Amino acid sequence: MSAGRSPTIAVSTWSLHRTVGLTWWDKPGEPATEKEAYGKGSVKVLDLPAAVKKHGIPNLQLGHFHVPKRDKAWLREFRAAAKDAGVTITSLLVDDGDPSNAATHKRDVAWINQWVDLAAEVGAKTARVVAGKQKPSADTLALSVAGLKDIAAHGKSVGVRVITENWHDLLSSPKEVHHVLDAVGDDLGILVDFGNWKGAGKYADLASIMPRGEDTHAKCSFSAKLNEPDAMDRNDYGKCVLIAADAGYDGPYTLIYDGPDDDEWAGLAMEAQFIRDTLASASRKIA
């Protein structure tokens, strides 16, 4: 990020599960049904753009599990709601499908492509898709690459950039991430999630792929209620944010909150302020 420039803050609807309450988890071969996964909720999906803007966040990722209707009329209504609120839909998160599974490869690639079409209708800049859920091997990686090439080309044809994520078994280390990105080519990007990788090598692994990042899931771990001491893992979060800064990352910091406190807006506000303060401090040191 350029010195002196404020970071671009976004939020995923994943962070607002309790606020929305309802989910519509669509899967390949299993049409979505409405569930009160987190209760009845307090904000309708169509009102989310106005709600996030009210809380000072101008960018929104829409999870496919928060799309109650796949018809063009609803998608265009959501697109209009975002425009009216002055909110940019940075991505449609397609959280299912598995291009690396030989048994369902064709079905899942076709299903993901349908969601890429919906991303275009809703006005999303990108569609974040799953690279694969299988353990990495020559065969599963080849299937993933073939599927992602198809999906990325389809996205390009409808004006949506396709990105994937360091997520699930297939992309469990930098080696696989770099392999898939290199094999698919420039039509595929990567969203770097701060929290998907664990263990002693986490920070080195994130530093390896962060220079290729186009988006993030800036996820902080919370272990307690927000008003309790040390509820926020500042050490881990700070390291992740600085890894992004050191890599020259200039994309959105998309906030992910899933802590134990029900006040999602307060958790998101804490994350956003921490990112701003951390980057400002780093800029002052550089200067």
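**Figure 1. Phe222, a buried ring in the predicted model.** At 9% relative accessibility, Phe222 counts as buried, because buried means under 20% relative accessible area. This close-up, like the ones that follow, shows a predicted model. Tyr257 is also shown here, and this residue is buried with a relative accessible area of 1%. How are the rings of Phe222 and Tyr257 arranged? Their centres lie 5.1 Å apart and their planes meet at 70°, so the pair is edge-to-face. To follow the reasoning, remember that planes over 60 degrees apart count as edge-to-face. The pair also links distant parts of the chain, since the two residues are 35 residues apart. Look for Phe222 in the loop between β9 (213–219) and α8 (234–246), and for Tyr257 in the loop between β10 (253–256) and α9 (264–286).

**Figure 2. Trp25 and Phe65, a stacked pair.** A pair of aromatic rings is described by the distance of the centres and the angle of the planes. A search of the whole structure finds eight aromatic pairs. In one of them, the rings of Trp25 and Phe65 have centres 5.2 Å apart and planes at 10°, so this pair is stacked. Where do the two residues sit? Trp25 lies in the loop between β2 (23–24) and β3 (34–35), while Phe65 lies in the loop between β4 (59–63) and α3 (72–85). The pair therefore ties together parts that are 40 residues apart in sequence.

Figure 3. Step back, and you can count nine helices and 10 strands in the protein chain. The C-alpha atoms fill a box of roughly 50 × 40 × 30 Å, taken along the principal axes. With 287 residues, a compact globule would have a radius of gyration near 19 Å, and the 18 Å of this chain agrees with that. Buried residues make up 53% of the 287 residues. Among contacts between residues at least 6 apart in sequence, 76% join residues at least 24 apart. The accessible surface comes to about 12600 Å², and 51% of it belongs to carbon and sulfur atoms.

Conventions. Residues are numbered from 1 along each chain as its sequence is written. This is a predicted model: local features need pLDDT of at least 70, side-chain atom pairs count only at pLDDT 80 or more; totals for chains, interfaces and linings use all residues. Side-chain values use heavy atoms; hydrogens and water are left out. Rings of Phe, Tyr and Trp (its six-membered ring) pair if their centres lie within 6.5 Å; planes under 30 degrees apart count as stacked, over 60 as edge-to-face and the rest as tilted. Helices (H or I, at least four residues) and strands (E, at least two) are DSSP runs, numbered from the N terminus. Buried means under 20% relative accessible area, exposed over 50%, partly exposed in between (1.4 Å probe, protein chains only). The radius of gyration is taken over C-alpha atoms; the globule rule is 2.2 Å times the number of residues to the power 0.38. Contact means heavy atoms within 4.5 Å. Accessible areas come from the Shrake-Rupley method with a 1.4 Å probe; for residues, only the protein chains shown count as cover.
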